[in-house]
Amino acid sequence: MLEKALSGGKGYWAWIFLLLAIIGTGFACYLMQFNYGLGITGMSRDVSWGFYIAQFTFLVGVAASAVMMVIPYYLHDYKTFGRVVILGEFLAIASVIMCMLFIFCDMGQPTRVMNVILHPTPNSVMFWDMLVLSGYLALNLVIGWTTLGADRKELPPPSWVKPFIYLSVPWAVSIHTVTAFLYAGLPGRHLWLTAIMAARFLSSAFAAGPALLILLAMIVRKVSKFDPGKEAIQSLAKIVTYAMCVNVFFLLLEVFTAFYSKIPGEMAPIKYLFVGLEGHTRLVPFMRTASVLAIGGIALLVYPNTRKNESILPFSLIAVFIACWIDKGMGLVVGGFVPNPFERVVEYSPTVPELLITLGVYGIGALALTILYKVAVSVREETEAGDIQEGWHGSGH
Amino acid sequence: MYDSGKIITGLLVFVAIVSFPFVYSRGTNIVKPEPKIDTPVIQQMAVKQCVQPRAFMRAEHMQLLNDWRDSVVRDGNRVYVGFGGKQYNMSLQNTCMHCHSNKKEFCDSCHNFMSVKPYCWDCHIAPKENKS
Amino acid sequence: MSMDRRQFLKITGVSTILGIGAVAGVNGLSRSPVEASQVEPSPDALKAKRWGFVIDMSKFRTDDDFTRVRHACHSIHNVPDIDNPKVEIKWIWKDTYEHTFPGQESKYMAEEMKDKPFMVLCNHCDNPPCVRVCPTKATFKRSDGIVMMDMHRCIGCRFCMAACPFGARSFNFGDPRPFIKEPNPEFPTRTKGVVEKCTFCYERLAKGLNPACVDASQGGIVFGDLEDPKSEVRRLISKHYTIRRKLELGTEPSVYYIIGGNENA
């Protein structure tokens, strides 16, 4: 099926080469980082994780969100998601690839990456994260490819793939739970040491992931004959609405606990993020933007008329997506390191090479996603054309 | 066979690429490296004996160093009972390089020939060599 | 015999995997050249069930008392001198009471106390979070309580830095060598991309020597076995009021501080 990605119009190839250029730039910067070390980034001994790990954390959520289509479609036989579920699975694949690349970019000694497997350490959450992420990647590759292949022959998916589909549901929850455990079990990092970290991760994932998916589905609908369906988009939009409300609710729970208990360590990182601490306010404009976008996005989504209006919907979804990206990316990671163990505020901002490497990884993700979506859309266009010209399908196999 | 032209061209290109190193280096005079052991410390030794016999060291020194490293760093055991029951302090910098103070002529001559680049020296300090 | 492309690919694929597997298996089974019977601890090594430090801050009066100790440690361990607090590397250093014991300062405390410098280093916790999170066992706890670093194995993920509540860990954001003025030829440096910290002078204990900071402190830092009731450290802890950093986190630091009192019998 992969050969479908090799035929496309001018626009398709222009997009591919643009992505390759972005990837190339990122790779050149990565070589710089490989030679010099992580000193070319803005990270420090106080804020020792930065933009890469922020993207990693956020994208694990996007990957996990495929489950929001898998559950209704496969467990509840919700036929409306029949066309969109493959887009969700392929988005998960691209996201997990990016997650792994971000971890790799963040390593000080990338050539020693196999040490994680050579010296398996079950007491380290990072070990489990590696296991669940690679497992999730494999699951989605197998499920996505098999179901699409069956689709192409207009057959139901083979029965052996069913157990894998069911397994992918708890597995999706596990990838985000384990990722939350990277943070939630560390003594002395007040912003992270919270029992609802995993729940917060899942809620923001189920808001940001489907939001991105709807936007992608709308693009797919524009550039191809494949239409995931208005109803599917509306159902997903409702999922985004509920998840985003829960996400904001969870954040407010954190704020309550910190500010009603008045424990200084609990309050400090939240103050740093939203009003600034000891005159350090670098993240405040971003967190306030995120707050405004979250509230605005929710308002537009909750009100049925604006949610159903497909010319307004993209803006509400973009607002929700960016709000989650800021909050669960930079806000979460940097906020955990401020103040530092000595109760000093050391600020962080990414450097230009760091941003270009990040962009390069997103480029690789976008390229993987483009190829996968091209295949999926071509197969769908083919079968649908076949439905019209009876008996014609599956050329050259 | 379909597309025989393309397949045969492809195979030819593949063979050409794979055999390139052999063709390229044909006729060049290859000198087998002779790691030198004529350092002042070794010259003063009555019996010129490393921690294990020469053949063993030649074949296994990398694995031996790996095991030394784990023993010292991870298990805290620093004494190695070598050939003939003689005891040594397991240390690349302080034991190996004490005798083999000619890293360039000893380590590097073979490593360069074999094109292996052990990262030992990223951290371990190579002995100061007398300029000659 | 005829086969189609699919069969051919299957057969080649399976045989490749089997071949690689067999080679890996044989390599894995091959014996290591060093037998367990060939290694032993050095006879002069100092031993303990759990090493610990007692730092008597009353013995640190002048700036020189701090810099002497810091220099002793950093110079023999090839710790680079990087003049940028964001990426600097430190094994032992000084910080004020207020920042060393955050949450323990009070509003009406004398300014001198708030600003009183303390010697800070890795706590060699009994229950170290850094060891718990390390995905490769590059940092691990020895049976004598020392929280060790295996710089050969560190992949530079910096999970341990996020986990350490004491800010004791430094990361090599670049090659440290240009920042080491006079390298100690008997000790390695580190390379870019690994985490490092105080190792309780494990290499000196093995030779029967005191940790370098202890020798340089002129009695300000005492080390010994915390599990030996007759040790000097235990005697000091029972005799003086001592404090440790962030006890509420349950990591059980092995570094005790005596704040004041000039008598240190």
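This is a predicted model: local features need pLDDT of at least 70, side-chain atom pairs count only at pLDDT 80 or more; totals for chains, interfaces and linings use all residues.
**A colleague's note on salt bridges and cores**

1. Are the two partners buried or exposed? A:Arg380 is buried, because its relative accessible area is 9%, under the 20% cut-off. A:Asp151, with a relative accessible area of 24%, is partly exposed.

2. Next, have a look at a pair that crosses between chains. C:Asp95 forms a salt bridge with A:Arg344, and their closest N and O atoms are 2.7 Å apart. C:Asp95 sits in strand E3 (residues 92–96) of chain C, while A:Arg344 is in the loop between helix H13 (313–337) and H14 of chain A. C:Asp95 counts as buried at 9% relative accessibility, whereas A:Arg344 is partly exposed at 31%.

3. Chain C also has a salt bridge within itself, between C:Glu252 and C:Arg244, with the closest N and O atoms 3.1 Å apart. Here C:Glu252 is partly exposed, at 34% relative accessibility, and C:Arg244 is buried, at 16%.

4. How many salt bridges does the structure hold over all chains? The count is 28. Some residues are linked in a network of salt bridges: A:Glu3, A:Lys4, A:Arg152 and A:Glu382.

5. A:Gln55 lies in helix H2 (residues 51–64) of chain A and counts as buried, at 1% relative accessibility. Its side chain makes a polar contact of 2.6 Å with the side chain of A:Tyr362. Leaving aside neighbours within four places in sequence, A:Gln55 is in contact with A:Phe102, A:Trp325, A:Thr358 and A:Tyr362.

6. Finally, the nonpolar cores. The largest has 197 residues, and those with the most contacts inside it are A:Trp49, A:Tyr183, A:Trp192, C:Phe53, C:Ile55 and C:Ile221. Helix H8 (residues 197–223) of chain A gives the most to this core, with 16 residues. A second, separate core has 15 residues, among them B:Val72, B:Tyr88, B:Cys107 and B:Trp121.

7. Beyond its neighbours within four places in sequence, A:Trp192 is in contact with residues including A:Trp49, A:Tyr183, A:Phe337 and, from chain C, C:Ala162.

Methods. Residues are numbered from 1 along each chain as its sequence is written. Chains are lettered from A and ligands numbered from 1 in the order in which they are written. Side-chain values use heavy atoms; hydrogens and water are left out. A nonpolar core is a set of buried Ala, Val, Leu, Ile, Met, Phe, Trp, Tyr and Cys residues joined through side-chain atoms within 4.5 Å. Buried means under 20% relative accessible area, exposed over 50%, partly exposed in between (1.4 Å probe, protein chains only). Helices (H or I, at least four residues) and strands (E, at least two) are DSSP runs, numbered from the N terminus. Contact means heavy atoms within 4.5 Å. A polar contact is a pair of N or O atoms within 3.5 Å; within protein, one must be able to donate a hydrogen and the other to accept it, and residues adjacent in sequence count only if both atoms are side-chain atoms. A salt bridge is a side-chain nitrogen of Lys or Arg within 4 Å of a carboxyl oxygen of Asp or Glu.
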